[in-house]
Amino acid sequence: LEPLRRAIALRPSYARTWSNLGLALRKLGNLSEALEAFETGLALEPLKNIEVNLACTELMLGRFDSGW
């Protein structure tokens, strides 16, 4: 996670790095933190893959209304 956090510190406006951080956090089971990372990335750039990852994470958290 540290390399991704350093990359974000260097370029916080790059949505894809936020998405990658979200994927890593989700894989580690940190779903709430992953959700925040995806939300940040999506706010920076409305990329479809970030939107899908955000929705999948919401479903994993049991947020069925927002995940669909």
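**View 1. Glu45 and its partner Arg16.** Glu45 is partly exposed, with a relative accessible area of 31%. In this predicted model, Glu45 forms a salt bridge with Arg16, and the closest N and O atoms lie 3.9 Å apart. The pair links distant parts of the chain, since Glu45 belongs to the loop between helix 3 and helix 4 (48–60), Arg16 belongs to helix 2 (residues 15–27), and 29 residues separate them. Arg16 is likewise partly exposed, at a relative accessible area of 40%.

**View 2. The salt bridge of Arg5 with Glu33.** The closest N and O atoms of Arg5 and Glu33 are 3.6 Å apart in this salt bridge. Distant parts of the chain are again linked: Arg5 is in helix 1 (residues 2–10) and Glu33 in helix 3 (residues 31–44), 28 residues apart. Arg5 is partly exposed, with a relative accessible area of 33%, and Glu33 is partly exposed, with 38%.

**View 3. Lys48 and Glu51 within helix 4.** The side chains of Lys48 and Glu51 meet in a salt bridge, 3.7 Å from N to O. Because the two residues are three positions apart in helix 4, about one helical turn separates Lys48 from Glu51. Lys48 is exposed, with a relative accessible area of 57%, whereas Glu51 is partly exposed, with 38%.

**View 4. The setting of the three salt bridges.** A search of the whole structure finds three salt bridges. The chain contains five helices and zero strands. Buried residues account for 34% of its 68 residues. The radius of gyration is 11 Å, which agrees with the value near 11 Å for a compact globule of 68 residues.

Technical notes: Residues are numbered from 1 along each chain as its sequence is written. This is a predicted model: local features need pLDDT of at least 70, side-chain atom pairs count only at pLDDT 80 or more; totals for chains, interfaces and linings use all residues. Side-chain values use heavy atoms; hydrogens and water are left out. Helices (H or I, at least four residues) and strands (E, at least two) are DSSP runs, numbered from the N terminus. The radius of gyration is taken over C-alpha atoms; the globule rule is 2.2 Å times the number of residues to the power 0.38. Buried means under 20% relative accessible area, exposed over 50%, partly exposed in between (1.4 Å probe, protein chains only). A salt bridge is a side-chain nitrogen of Lys or Arg within 4 Å of a carboxyl oxygen of Asp or Glu.
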